[in-house]
Amino acid sequence: MADGWKSKMDMLASEKEIAQAKLESVEVQLQVEKEKADKRSHLNEDLQAQLSLAVDERDTLGREYEAIKSKLDITCTDAEEMVAQYKADIEAAETRLKMNAEYMRWLSRRETLKEIHARGFDLSVEIEEAIKIEAEAKKLSEPEGSEDSEGSVGSEGSDGSGDE
């Protein structure tokens, strides 16, 4: 019976050694897996930090983009307004230029008629009509708000008629 117990004890000791060897093997495997998990955890933390930086950079670039886009919209609007104003100014200048040319043509005609009258021809009716048309052309050729120079045309016309 003692031999039976001894063989059972030997068998249990052998099983215990086998179990301890398996336990040590599992502990070594567990340690290896823990080291791998730590490495992965550090790698994951590094990747999270990089991702966070990339997201922050993207957000910053997005805000800068919106600011630049806003400035561009304002600049485009200002440029369009300036172009429209320049076009209006050009049209007004062209109109004044045409009226000034018309005024100069009538002024030249009146002076020519005065010269003809001075040589002995009676063209007083034509001169009076030329003076009226010249005054109208001058009113049209002057920019709005220049009413002080209109009086000089009227006085010039009346002075001219008195001489004739």
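1. Glu33 and Lys36 lie 3 residues apart in helix α1, so about one helical turn separates them. The two residues form a salt bridge, with 3.9 Å between the closest N and O atoms. Side chains of opposite charge can pair when their charged atoms come close. The structure holds 4 salt bridges. Note that this is a predicted model.

2. How do α1 and α2 run relative to each other? The axes of helix α1 (residues 2-118) and helix α2 (residues 124-141) cross at roughly 160° and come within 8 Å. Angles over 145 degrees count as roughly antiparallel, and α1 and α2 are therefore roughly antiparallel to each other. The crossing of α1 and α2 is left-handed.

3. On the α1 side, the contact with α2 is made by residues including Arg96, Met99, Tyr103, Trp106, Leu107, Arg110 and Leu113. The α2 side contributes, among others, Glu126, Ile127, Ala130, Ile131, Glu134, Ala137 and Leu140. By class, the contact of α1 with α2 comprises 11 nonpolar, 7 charged and 3 polar residues.

4. Where in the chain is confidence lowest, and where highest? The lowest value belongs to helix α3 (residues 148-163), with a mean pLDDT of 43, and the highest to α1, with a mean of 93. Over residues 147-164 the pLDDT is below 50.

5. For the chain, the mean pLDDT is 84. A pLDDT of 70 or more is reached by 85% of the residues.

Note on methods. Residues numbered from 1 in each chain as written. Predicted model: local features only at pLDDT ≥ 70, side-chain atom pairs only at ≥ 80, totals over all residues. Heavy atoms only, no water. Axes fitted to C-alpha atoms, helices over the stretch in contact; angles between N-to-C directions. Helix = DSSP H or I, 4+ residues; strand = E, 2+ residues; numbered from the N terminus. Parallel < 35°, antiparallel > 145°, perpendicular 65-115°, else oblique. Left-handed = near helix turned anticlockwise from the far one by under 90°. Contact = heavy atoms within 4.5 Å. Nonpolar A, V, L, I, M, F, W, Y, C, P; charged D, E, K, R; others polar. pLDDT = per-residue confidence, 0-100. Salt bridge = Lys/Arg side-chain N within 4 Å of Asp/Glu carboxyl O.
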